[in-house]
Amino acid sequence: IAFLPYLSPCSSDSKSLQNILELQATFARAISQSLDAPDIAEATTIEHDRRIPFGFCAFSHCFTNGFGPRQDPKSDYEVVISIFIKKLLIGETPTIYVDGNQTRDFVYVKNIVEASMRACKAEHGFGEPINIASGKETSVNYLFATIAKIMKKQVKPQYAPVRGGEMSRAVEDIAKPGKILGYKCKFDLKTGIKDTSEWFKKKSN
């Protein structure tokens with residue numbers, strides 16, 4: 001089983017969707033070539049044809065705001081959790097954009113691993129785009145307060161004006177991975193924050 005990256009178009013128009021599907025097809029060809037396997041790009045078309053030719057099985061997983069130990073807070077793909085933890089460890093004041101009431105769906109890396117392992121044993125649903133998330137909506141203010149409490153830091157964040165492209169709410173429906181993979185979010189946000197903050201603390205010592 002191969003995992004094709006799930007890429008979200010910035011708009012719903014047909015041109016943006018076509019560009020995304022062409023990128024997915026490129027990834028599919030690259031996987032085929034690396035495995036010396038037949039071309040599987042046929043699996044992704046503008047009509048969302050889910051056929052997987054030659055018996056080659058693939059899932060398209062979207063990991064929403066994944067976080068955990070070993071995450072690089074300087075990466076272009078960092079999640080705010082690692083940024084908050086790092087700043088609290090070095091005594092800096094974290095910044096929250098807007099009012100902090102915007103929400104996101106954060107998923108701990110152990111859940112991502114669980115879903116991926118289940119996909120390796122799956123017997124159906126191939127070619128389907130699947131969101132791997134917690135299924136729970138968490139505000140940035142609550143997130144920061146939780147991190148500060150777990151790390152035993154009495155620090156108030158500073159607030160900054162809105163950034164471009166900032167969504168007010170974001171939460172994923174995990175019914176689909178539950179049906180196809182039997183996936184459930186076993187590790188909650190607090191467990192993930194505790195493990196992640198402890199890892200960063202050990203690394204800083």
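This is a predicted model: local features need pLDDT of at least 70, side-chain atom pairs count only at pLDDT 80 or more; totals for chains, interfaces and linings use all residues.
Local features need pLDDT of at least 70, side-chain atom pairs count only at pLDDT 80 or more, and totals for chains, interfaces and linings use all residues. Residues are numbered from 1 along each chain as its sequence is written, and side-chain values use heavy atoms, with hydrogens and water left out.

The whole structure holds five salt bridges (a side-chain nitrogen of Lys or Arg within 4 Å of a carboxyl oxygen of Asp or Glu).

**Stop one.** Select Lys-110 and Asp-195. Their closest N and O atoms are 3.9 Å apart, in a salt bridge. Lys-110 sits in helix 3 (residues 109-120) and Asp-195 in helix 6 (residues 189-204), so the pair ties together parts 85 residues apart in sequence. Helices are DSSP runs (H or I, at least four residues), numbered from the N terminus. Lys-110 is partly exposed at 40% relative accessibility; Asp-195 is too, at 22%. Partly exposed lies between buried (under 20% relative accessible area) and exposed (over 50%), with a 1.4 Å probe and protein chains only.

**Stop two.** Stay in helix 3 and select Glu-114 and Arg-118. They form a salt bridge at 2.8 Å, N to O. The two are four residues apart, about one turn of the helix. Arg-118 is partly exposed, at 32%.

**Stop three.** Lys-186 lies in the loop between helix 5 (175-181) and helix 6, 72 residues from Glu-114. Lys-186 is exposed, at 53%. Now show Glu-114, Arg-118 and Lys-186 together: salt bridges with shared partners join them into one network.
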